[in-house]
Amino acid sequence: MKTRKTLIHPHDTAADERTETLRKCVRSEETCPKGASEAYCGTSEKPLGQRFAGDDVFYQGFPWKIVLASMAILGGAQGVILNTSGITLAAIVRDLGFRAGDLTVFYTILYLVAALCVPFTSRAFFAAAHPRAVIALLGALFALPFAGMSACSQLWHWYAAAAVCGVGYSCMMVSVMTVLNSWFASRKGLVIGVAMSAPGLLGALLAPPYAACVEAFGWRASVAAAGALAFALIVLCGATMFVPSPQLAGRAPWGNAAHDSSAGDKKPRRVPPFVFPLCLITFASLNALFQFYLQLPLLAKTLGYSLASGAVLTSCSMIGNIGGKVLLGAAIDRLGAFRSGTLLALSLLTAFAVFQFLPGVFPALCAASVLFGGSFATGGVLLPQTCLAIWGHADYRPRLSRLTAFNMFAASLSGSVFPYMYDFTGGWAAALCLCMSICAAAAATFALFGRNAREWQGTPRKM
């Protein structure tokens, strides 16, 4: 019978005493007592992947439950409800005779209310004594009004439901991104990318059977079923599996933080005041580009292709949506947030350039649509890691909350900008040139951040 061996630090001569110190510090989060080694308290600077005596008590392997809970929360909110709501609204327009424009105000109200509420709901989540109860309550506020749309009959009913849904949706993105950052000392980008790909994957898998259910049982029964599924994913998983920090689970973050520039960064950085408004403009404009996917069928039609070809372009963008988040997350772990942001902006610039200058080559349009799908990763994957790289652990959370709120506000308005530009100009040239200009400016901004980030951290720049 093999006996499990515990790794002992070569300089450790009092393993039992320090194991007890670790147990007390982790549970009470107290400052290390005088004479206790910092390697056994929360202020450790050693690589978190290295294990010493006593670590087996608290080290529990990869935190799969946190990743799965994050995927369930985002999948229920975006994959089940938001990604299928287009099918629902189309059936409502057909059955009740509402104008499509009047009914799609639902999205505008939802995102506006979410943008207004995110600073308050995110603060409530992180300050609450029972944060899992907060995320469960917000999940109920999001899922139940959507399920209640099965009983709606007048237009204002949908507007009221959208307002309540906006309150529930406001905190989900910020809470998931911040919790994942706290649970992982390394591979943050890849983990967040995988978690953020869940809504696109679930939406792609759920859309065909959901459309079939709408045709077979009607939109009212289908909406109620979708709301119940979202409730189960968000509320049940959030209340049982979504632990906000590893300290509350009595363990350290997963991974080796030796090469993580933000690990252990508890002191505020000397970041110039202009950086935050520059981030505000850059991310709001770059994130708003994802709304162009709604115009891909119309773009294909105006270029002389069939509606089926437009659907192919939309499917290609969804492939880019799912794969782009994972690839961008892996790139952030490998290259850093600033270089990865530059690459993302340049890839989006290439996509819009193909739309503009190669309209007659359909395979090129499909490849450009895949590249364009990477725009969905801007707010969920690139934004939190950029905030962490700029402001560090000490100050990134409030900045992330404010930037996310402004992104939601911009997204609520950007959906109508592209079709209006097409209506007023009679073509897509103006809209595509605007998109290319946004991408070029974003690439230059990320390059600027990368050049000066070391000075903000107090580290001399490499010559």
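1. Salt bridges come first. This predicted model holds two salt bridges. Arg94 takes part in one with Asp95, where the side chains meet at 3.3 Å, N to O. Arg94 also meets the side chain of Glu215 in a salt bridge, again 3.3 Å from N to O.

2. Where do Arg94 and Glu215 lie in the chain? Arg94 is in helix H3 (residues 85-96), and Glu215 is in helix H9. The two residues are 121 residues apart, so this pair links distant parts of the chain. Salt bridges that share partners join Arg94, Asp95 and Glu215 into one network.

3. Next, the surroundings of that network. Arg94 has 52% relative accessibility and therefore counts as exposed. Glu215 is exposed as well. Asp95 has 45% relative accessibility, so Asp95 counts as partly exposed.

4. How many aromatic pairs does the structure hold? There are 28 aromatic pairs. One of them joins Phe62 and Phe184. Their ring centres are 5.4 Å apart. Their planes stand at 55 degrees, so the pair is tilted.

5. Phe62 lies in the loop between helix H1 (15-28) and helix H2 (64-82). Phe184 lies in the loop between helix H8 (172-183) and helix H9 (188-217). The pair therefore ties together parts that are 122 residues apart in sequence.

6. Are Phe62 and Phe184 buried or partly exposed? Phe184 counts as buried, because its relative accessibility is 1%. Phe62 is at 25%, so Phe62 counts as partly exposed. The cut-off for buried is under 20%.

7. Phe106 and Tyr107 form another ring pair. Their centres are 5.7 Å apart. Their planes are at 85 degrees, so this pair is edge-to-face. Phe106 has 2% relative accessibility and so counts as buried. Tyr107 has 21% and so counts as partly exposed.

8. Which residues do ring pairs link into a cluster? The cluster holds Phe290, Phe292, Tyr293, Phe352, Phe355, Phe372, Phe376, Phe418, Tyr422 and Trp428.

9. The charged end of Arg397 sits over the ring of Phe126. The distance from that charged end to the ring centre is 4.1 Å.

Note on methods
Residues numbered from 1 in each chain as written. Predicted model: local features only at pLDDT ≥ 70, side-chain atom pairs only at ≥ 80, totals over all residues. Heavy atoms only, no water. Phe/Tyr/Trp six-rings, centres within 6.5 Å; stacked < 30°, edge-to-face > 60°. Helix = DSSP H or I, 4+ residues; strand = E, 2+ residues; numbered from the N terminus. Buried < 20%, exposed > 50% of the residue type's maximum accessible area, 1.4 Å probe, protein only. Lys NZ or Arg CZ within 6 Å of the ring centre and 35° of its normal. Salt bridge = Lys/Arg side-chain N within 4 Å of Asp/Glu carboxyl O.
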